[in-house]
Amino acid sequence: VGCKAILVFFQYGVMANFYWLLVEGLYLHILLVLIFSPNRHFTVYLLIGWGIPTIFIITWTVTRIILEDTGCWDTNEHGGPWWVIRIPILISIIVNFILFISIIRILLQKLRSPDVGGNDQSQYKRLAKSTLLLIPLFGVHYTVFALFPDRSSNTYKIIFELCLGSFQGLIVAVLYCFLNSEV
């Protein structure tokens, strides 16, 4: 029971990580689209970041108990319970990637406006810098292996996740907190 409880909390942490990346993307997108929005939507963000993972983890736990209650739940012999977690994570990755593309499009429009000074090279340099800063914030690197089956790309996925995913929090903290003069 202890092992299963630890795995449930682990899966909840993984899912909450993806949904908080989605919340960051939604927040930034809303800031860029609705400049003078008096409503900050913090309750909605909390429900997305903590509530959606809670619903799916409870569903996954019940599904595991009913369909595949073997061992410590660390194996996935039947695909059903695993997809209860996998589909919401894939949805959050896809929505976040769409938000990322939308924000890049907005930045490109703002850089091409006549009010922005500088030559074309400096504008594209700013766009490239903005894009590189947004990649760790949005977790864009997760889209690389999001749609591949786990069995076909497991070795490369683990190496990729360890190299980029492990340092994502550090990169975001350095770029958005430690190097930010406002913080």
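**Notebook: burial and helices**

I looked up Arg 64 and found it buried, because its relative accessibility is 0% (buried is under 20% relative accessible area, exposed over 50%, partly exposed in between, with a 1.4 Å probe and protein chains only). I note that this is a predicted model, in which local features need pLDDT of at least 70 and side-chain atom pairs count only at pLDDT 80 or more, while totals for chains, interfaces and linings use all residues. Residues are numbered from 1 along each chain as its sequence is written, and side-chain values use heavy atoms, with hydrogens and water left out.

Arg 64 sits in helix H2 (helices are DSSP runs of H or I, at least four residues, numbered from the N terminus). Beyond its neighbours within four places in sequence, I listed its contacts (heavy atoms within 4.5 Å) as Asp 69, Thr 70, Trp 73, Asp 74, Thr 75, Asn 76 and Pro 81.

Leu 67 also belongs to H2, residues 42-67, but I recorded Leu 67 as exposed because its relative accessible area is 51%.

Setting aside residues up to four places away in sequence, Phe 138 touches Leu 21, Gly 25, Leu 28, Asn 96, Leu 99, Phe 100 and Ile 103.

Key. Helix = DSSP H or I, 4+ residues; strand = E, 2+ residues; numbered from the N terminus.
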